[in-house]
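I am opening a notebook on a structure that is new to me, and I want to set down in order what I looked up.

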Amino acid sequence: MNVWPLQFRKIGENDLLFSDDSGSFFRSDDLFLDRYIQGALTHEDAEFLAYNGQAFETDGDFAFSGFASRWAKRINTAGDLSYFILVPTLRCNLMCDYCQVSRAAENASGFDWDRDTLEQVINLLDKQKANQVKVEFQGGEPLLRLDLLDAIRNFCRSRFEAAEFVVCTNLQTVSEEAWQFLEAPDTHVSTSFDGTSKFHLKQRTKTTTVQRQFEANLDVALTRLGVDRVSALPTIDPSDCPDPAAVIHAFAARSLTSIYLRRINYQGFARKKYGFDSALVDWRQYYRRFIAALIEYNTTADVPMEEYYLTHILRRILQSGHNNHVDLRNPNWLGKDLLVIDFNGQLYPTDEARMVSRIGKIDLSIGSLEDGIDANRVATLNSNVSNFDDPDCVHCAYKAYCGLDPIDDLSRYGRVDLPRHQTDHCKSHLDLFDYAFSLLYSADPTVQKSLAIWIGVPNYNPKIAPRTL
Ligand code: SF4
């Protein structure tokens, strides 16, 4: 019998988590580790490993092919360019504390696409090989240039077999014309709602009048578009967090069932105001308190709720093929399937790269509408996007589920070659995976109930979290 290489990590008091490159995992102890290292596995060990997909007899047998299939589906292949984040204007009608893009004032000039830029964007879209497209309108506040959104959407609808649009808006001022634009079935709204009215007012709207205006528009959006086409994302300041139960209640009151908790990403004005350190410890504690409150809520709720990123992590642990979320995939190709087009025609591989460049820390642009995509810059950025050959990740038990974030590394440290465990991305993901596995192996029926909901099965089955005898 051959055993695939196993990585391991201490979890809980006395146990170790073992995993392989295809993402199969199990829980065992030091005694198993000794036997594995010394090549002294027992008959029972061998039977368990074969049953759990970690062993095979010969190249190409069913066990071997099963492993290869699971492993291959975990690899994010660079697809055709089909996801565009467009910034038709940098102007905004709010001045949030932690604006991540260093927006321009609402009445400023020189921060919108002109007619030539619009034409260049359309030409670029027209050249794509993909027969479907997703367009996310960012800003600034994109609804300030409804005419540009309309022109892009009309073009995409006629050019591509399938087209989907997301308008990232603060929902502060929405004209009837804008509502009619948003009501189209192929168009979604993504807005920010910082957990509770109190925190949203403090961090974004500043006055009760403006706050009321936002909440009224959020309610109109949910009524006119339906909850399935509206997402509201809270940005949390780890040093001053809303009560988790209050956030859950505020979302449930609006029939929103998915909360994507995000801590402040210190970029743009946020970096200037809050400094460099992202208070990771405070955030971890808050995140766990939040999930605990969510689990408690789900024990009795008629309509249960999820935290989006935890659900994504659980799905990546349990199944191959969840490679669609650009924040966590491996390799995390840059400038391939996703392109950001800024208000001034500059091109970026991600929205974070645009923000980092905007504050003047480092230029992460990969070309311009005038000159096209710079293949050399794209190749340079892609030299460090895979954890397969990272000297630290290769030993990590979470390698199969994780990925790299070179833009975040460049943004925080100005380099991509720090030892992994010194990076914010690695520290936060080690903690997230530790937490996810503690939930998967929990004997608490309330945890198991939420787990089943989040991973989409009728009931929790202990077999999803195997352990040796
Ligand atoms: S970044 Fe950190 S958590 Fe992710 S695979 Fe690498 S070592 Fe593991």
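Entry 1, domains. Before using any domain, I note that the domain bounds come from an automatic or database domain assignment. The model I am reading is a predicted one. For this chain, the assignment gives domain 1 as residues 1-73, domain 2 as 83-341 and domain 3 as 346-422. I then looked up the separation of domain 1 and domain 2, and their C-alpha centres lie 40 Å apart.

I looked up how helix α4 (residues 115-126) packs against α5 (146-159), and found an angle of about 20° with the axes 11 Å apart. Angles under 35 degrees count as roughly parallel, so α4 is roughly parallel to α5. The crossing in which α4 passes α5 is right-handed. On the α4 side I listed L118, V121, I122, L125 and D126, and on the α5 side L148, A151, I152, F155, C156 and R159. Sorted by class, this contact has nine nonpolar and two charged residues, with no polar ones.

α7 passes α8 in a right-handed crossing. The residues that meet are S197, H200, L201 and T205 from α7 with T208, V210, Q211, F214 and E215 from α8. By class, the residues of this contact of α7 with α8 are three nonpolar, five polar and one charged.

Which residues surround the ligand? I wrote down N387, D392, C393, C396, Y398, K399, C402, R420, C426, H429 and L430. This shell divides into six nonpolar, two polar and three charged residues.

I looked up the peptide bond from G139 to G140 and found it cis, with omega near 10°; G140 sits in the loop between β9 (132-137) and α5 (146-159). Another cis peptide bond joins N330 and P331, where omega is about -5°, and P331 belongs to the loop between α12 (308-318) and β17 (338-341). Finally, I noted L171, a residue other than glycine whose phi is positive, near 55°. L171 is placed in the loop between β10 (162-168) and α6 (176-182).

How values were computed. Residues numbered from 1 in each chain as written. Predicted model: local features only at pLDDT ≥ 70, side-chain atom pairs only at ≥ 80, totals over all residues. Left-handed = near helix turned anticlockwise from the far one by under 90°. Helix = DSSP H or I, 4+ residues; strand = E, 2+ residues; numbered from the N terminus. Contact = placed C-beta atoms within 7 Å. Nonpolar A, V, L, I, M, F, W, Y, C, P; charged D, E, K, R; others polar. Near = placed C-beta within 6 Å. Axes fitted to C-alpha atoms, helices over the stretch in contact; angles between N-to-C directions. Parallel < 35°, antiparallel > 145°, perpendicular 65-115°, else oblique.
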